[in-house]
Amino acid sequence: MMLFTLLLLAQIRFEPAGTGIDFVLENSPTPDKHMVETMPGGLAIFDYNNDGRPDLFFANGASLPSLRKETKHANRLYRNDGGWRFHDVTAEAGLAGEGYAMGAAAGDFDGDGQMDLVVAGLKRITLYRNLGNGKFTDVTADSGIRMDEWAVAAGWFDYDQDGRLDLWITNYGKIDLAQPRFCGDAGRKLRVYCHPRYFEPRPNQLYRNLGAGRFEEVTESSGVGRHRGRGMSIGFADYDADGRMDVFVTNDGMPNFLFRNLGNGKFEETALLAGVALVDSGKPIASMGTEFRDYDNDGRPDIVLTALNGETFPLFRNQGQGAFADHTGRSQLGRLTNAYAGWGVGLVDLDNDGWKDLFTANSHVNDLVEQFEAVRYKQANAVFRNQGDGKFAMAAAGLDKAVKAHRGAAFADLDGDGRVDAVVTALGEAVEIWRNVSEGSGHWLDIRLRGAGANRDAIGAEVRVAGQLQTMTSTASYASSVMGPLHFGLGQKAEVDVEVHWPGGKKQLVRGVKANQAIEVKERD
């Protein structure tokens with residue numbers, strides 16, 4: 001009883017971190033109200049130079065309608081030098097980029113031990129190979145990857161279990177920058193961003209990694225291309241426990257997709273059958289960011305996503321046997337999130353009590369919404385504490401003074417103190433770096449995996465610690481990516497066993513691991 005009381009006293013708190021990072025998300029708003037202006041903001045947290053510290057990459061916009069990048073529109077890479085010191089290494093790394101970028105995903109696609117990067121954007125996908133000397137090179141032209149869509153997000157996973165990372169790209173819709181549609185109130189001379197229904201849905205794309213830096217598009221042969229949506233974000237997990245990675249895609253104003261991996265190179269879209277296409281009202285919502293993780297520690301990955309004011313942030317609980325149930329109301333998230341509009345989202349243990357909490361990056365889509373509805377455009381971020389009984393509660397997290405048009409968010413322990421920090425982008429304003437200063441936090445363990453084959457980071461592996469499940473995945477939040485150690489809050493447990501289910505089916509058990517450290521687990525041959 002005493003231990004339980006102590007955990008309840010833990011307070012989730014954040015404070016702004018002084019880092020020297022000066023990145024501003026340049027979305028290039030115009031009087032024509034191009035929809036793309038309101039949707040950038042993805043970022044990636046990954047260790048590009050293998051020094052053990054997580055570095056930060058930000059995707060950035062471009063001039064509209066030209067899609068030309070000026071200096072202020074450069075994508076940016078910041079090296080983490082420790083002690084909350086970050087250094088802009090964009091120029092020397094060669095990552096300033098071209099075009100209007102939306103999202104990013106890190107992953108070692110060539111298995112050389114160096115973390116590579118893919119950047120998704122309007123009419124452009126750029127694949128960067130990490131040369132291992134602090135520099136990247138654009139290898140898109142020779143990779144076989146072609147793009148003329150509006151890509152919002154991308155992610156790495158090994159769908160065919162051949163040991164090489166394949167690439168999933170989520171596309172939104174057709175957009176005409178030359179002749180934008182007028183939406184709004186012409187009489188009042190109020191022009192707003194158009195409703196999603198005016199953008200023709202497009203299919204996701206799947207590229208199979210052939211090795212040697214080459215990819216083959218298998219969108220049609222895999223069955224993925226038969227389904228068209230307005231994709232926003234991606235989550236990877238094995239929801240039906242058949243040993244294969246499945247794909248959840250949020251769709252804006254349309255039913256969501258859940259692509260079940262059949263294991264023969266093909267996918268079956270099962271969202272409606274599984275219960276995650278729509279919320280219980282039966283209406284499609286503006287699904288934005290997503291996390292595909294186990295929130296209730298029952299060993300099955302669940303789905304949470306962000307949406308607009310009045311739509312709540314739905315939570316789908318995995319019931320097993322391929323079925324989910326809408327637990328938004330029962331978890332209290334319906335009541336707690338109804339007044340928010342959300343983009344970035346993280347299902348992470350912020351107080352190390354052994355239960356994953358929910359962090360959301362908030363803002364409405366329409367910058368003039370306050371002239372039409374009783375809704376705030378710029379909003380504060382929010383944290384909802386997982387109470388361990390299937391319910392969440394609002395946490396006074398110190399985030400209320402930063403009221404902005406927040407978009408992307410990603411989460412990692414940036415200073416190595418065992419507490420997960422947050423990075424949040426905002427349209428037209430400086431990025432927010434939030435240091436986790438929660439008091440009374442429990443013990444913790446960070447686990448880095450090292451696979452034996454080309455999939456060196458073991459993307460797709462499942463790790464079980466102290467009743468919790470974590471899947472090694474490249475995607476996170478809204479159009480973002482986190483590639484780093486898996487973080488486990490342990491509460492009062494000072495020693496735990498670590499069970500790893502490697503891609504391909506091998507299992508490995510490491511007994512008696514001490515808490516409050518970062519460890520590496522290598523796959524046994």
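Where does A466 lie? A466 sits in the loop between β36 (462–465) and β37 (468–471). Strands here are DSSP runs of E, at least two residues, numbered from the N terminus.

1. Basis. This is a predicted model: local features need pLDDT of at least 70, side-chain atom pairs count only at pLDDT 80 or more, and totals for chains, interfaces and linings use all residues. Residues are numbered from 1 along each chain as its sequence is written, and side-chain values use heavy atoms, with hydrogens and water left out.

2. Backbone. Most residues other than glycine have a negative phi, and most peptide bonds are trans. A466 has a positive phi of about 50°. A466 is partly exposed, at 34% relative accessible area (buried is under 20%, exposed over 50%, partly exposed in between; 1.4 Å probe, protein chains only). T312 also has a positive phi, about 60°, but counts as buried at 15%. The L64 to P65 peptide bond is cis, with omega near 5°.

3. Aromatic pairs. The structure holds 24 of them (Phe, Tyr or Trp ring centres within 6.5 Å, using the six-membered ring of Trp; planes under 30 degrees apart are stacked, over 60 edge-to-face, the rest tilted). F58 and Y78 form an edge-to-face pair, with centres 6.0 Å apart and planes at 75°. F58 is in strand β3 and Y78 in strand β4, so the pair ties together parts 20 residues apart in sequence. Both are buried.

4. Charge over ring. R407 lies over the face of W343, at 4.0 Å from the ring centre (the cut-offs are NZ of Lys or CZ of Arg within 6 Å of the centre and within 35 degrees of the ring normal).

How values were computed: Helix = DSSP H or I, 4+ residues; strand = E, 2+ residues; numbered from the N terminus.
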